[in-house]
Amino acid sequence: MSMSFSFQVEATQGAARAGRMITPHGEVETPVFMPVGTVATVKGIPQDLLEELGVQILLNNTYHLYLRPGVEQIRKLGGTHKFMSWDRSILTDSGGFQVFSLSELRKVTEEGVSFRSHLDGSSHLFSPESAMASQIGIGADIIMAFDECTEYPAERTRTERSMELTLRWAERSKNAFEAHKHEVPWFAERGKKSQALFGIVQGGMFPNLRKESAERTVEIGFPGYALGGFSVGEPREKTAELVANTVPLLPENKPRYLMGVGYPEEIVQYARMGIDMMDCVLPTRAARHGLLFTSEGRLTIKNQRFASDEGPLDPNCSCKVCKRYSRAYLRHLYASNEVLAQVLNTTHNLSYYLDTMRRVRQAIILGENSVSLPVVRSPHLSAT
Ligand SMILES: CN(C)CCSCc1cc(N)cc2c(=O)[nH]c(N)nc12
């Protein structure tokens with residue numbers, strides 16, 4: 001079987017690194033921000049516009065696609081790339097996290113997580129084996145081990161038990177994946193290449209447990225490693241401290257994926273720490289609520305003060321929204337609850353995130369001594 005997945009570091013600046021992943025569906029330059037396309041769509045943005053924005057890899061959600069339209073349906077249609085007509089890379093999460101954030105009546109046992117669908121109340125069980133079968137049937141390029149995202153806050157004993165469960169599930173995930181990886185729908189047409197299964201490090205807010213989880217997950221052995229159990233309500237300083245201490249325990253020649261992060265200033269901060277991949281619903285979800293990220297800070301477009309503002313959303317942004325429409329018009333669309341408001345707001349926010357990450361990568365490659373990363377102002381633009 002030819003090389004299914006590879007990653008090489010191309011430049012470094014301190015802990016930060018610029019790299020390149022190669023998946024069965026193309027190349028991904030890192031650090032990379034991955035837009036969330038929950039039900040095989042990045043809400044409101046068609047695939048050709050995603051390509052225009054330079055999206056190299058996007059997320060699909062196993063939990064949602066398993067419930068609707070179903071894994072079998074997607075597999076029969078050739079997998080999710082064909083299904084959503086996306087010929088670049090895709091990553092899916094293993095589904096456990098969404099069970100906890102979306103479904104009712106869930107119960108965790110050694111076997112897995114039983115739950116009721118948030119759509120129709122039907123009963124289901126997710127296990128390491130079923131999560132591998134689902135992700136293989138859906139056919140993303142990078143898939144995740146089935147883990148338990150330890151809730152926050154959690155006592156040390158609870159956190160340790162949860163970490164141990166995730167490690168046992170990681171072994172089972174890898175065994176099931178190795179046994180069935182050739183069943184991915186595009187196996188033959190993509191030169192008998194298979195998916196890459198990433199392990200997920202847990203350990204909650206305890207440095208020693210994070211260390212133990214990282215070391216034992218690396219011992220099991222995966223082509224890439226995710227840091228889970230963050231962005232679960234903990235103080236951001238705590239996240240930063242634990243990520244900074246855990247990253248050095250992961251192999252330098254494999255990608256590191258920090259799940260569910262974050263604000264623009266955070267994706268810059270974590271890329272500096274040596275994180276290669278990040279995903280977050282923030283840019284797309286915030287856009288739908290009129291919260292827009294700009295080089296001058298955040299702004300809420302429905303604010304009265306934009307009613308007669310003929311200027312662009314962000315004077316320093318080259319996206320097609322900032323090039324064409326005024327803040328006054330964007331505010332009018334949002335106030336009128338027009339569908340175009342969602343489309344234009346999401347286009348800008350995604351463009352801002354992707355451009356920020358591209359600039360981080362450039363700063364690392366150009367070797368600017370301070371890795372002069374984009375200055376990201378986070379406060380709300382003061383009302384003028
Ligand atoms: C749309 N995205 C939010 C989904 C991909 S990232 C989901 C996600 C987010 C966070 N914060 C923690 C975890 C975690 O600990 N484990 C898993 N499997 N997924 C996680």
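**Ligand site**

Biologist: Which residue has a polar side-chain atom 2.9 Å from a nitrogen atom of the ligand?

Modeller: This is a predicted model, where local features need pLDDT of at least 70 and side-chain atom pairs pLDDT 80 or more, while totals for chains, interfaces and linings use all residues. Numbering runs from 1 along each chain as its sequence is written, and side-chain values use heavy atoms, without hydrogens and water. A polar contact is a pair of N or O atoms within 3.5 Å. The side chain at 2.9 Å from a ligand nitrogen belongs to Asp279.

Biologist: How much of the ligand does the protein bury?

Modeller: Accessible areas come from the Shrake-Rupley method with a 1.4 Å probe. Taken alone, the ligand exposes 470 Å², and the part of that buried by the protein is 95%.

Biologist: How many residues of the shell around the ligand are charged?

Modeller: The shell holds 19 residues (a heavy atom within 4 Å). They divide into 9 nonpolar and 7 polar, and the charged ones number 3.

Biologist: Is Gln202 buried or exposed?

Modeller: Gln202 lies in the loop between β11 (196-201) and α8 (207-220), and its side chain reaches the backbone nitrogen of Gly229 at 3.3 Å. Its relative accessible area is 1%; with buried meaning under 20% and exposed over 50%, Gln202 is buried.

Definitions and conventions. A polar contact is a pair of N or O atoms within 3.5 Å; within protein, one must be able to donate a hydrogen and the other to accept it, and residues adjacent in sequence count only if both atoms are side-chain atoms. Ala, Val, Leu, Ile, Met, Phe, Trp, Tyr, Cys and Pro count as nonpolar, Asp, Glu, Lys and Arg as charged, and the others, Gly among them, as polar. Helices (H or I, at least four residues) and strands (E, at least two) are DSSP runs, numbered from the N terminus. Buried means under 20% relative accessible area, exposed over 50%, partly exposed in between (1.4 Å probe, protein chains only).
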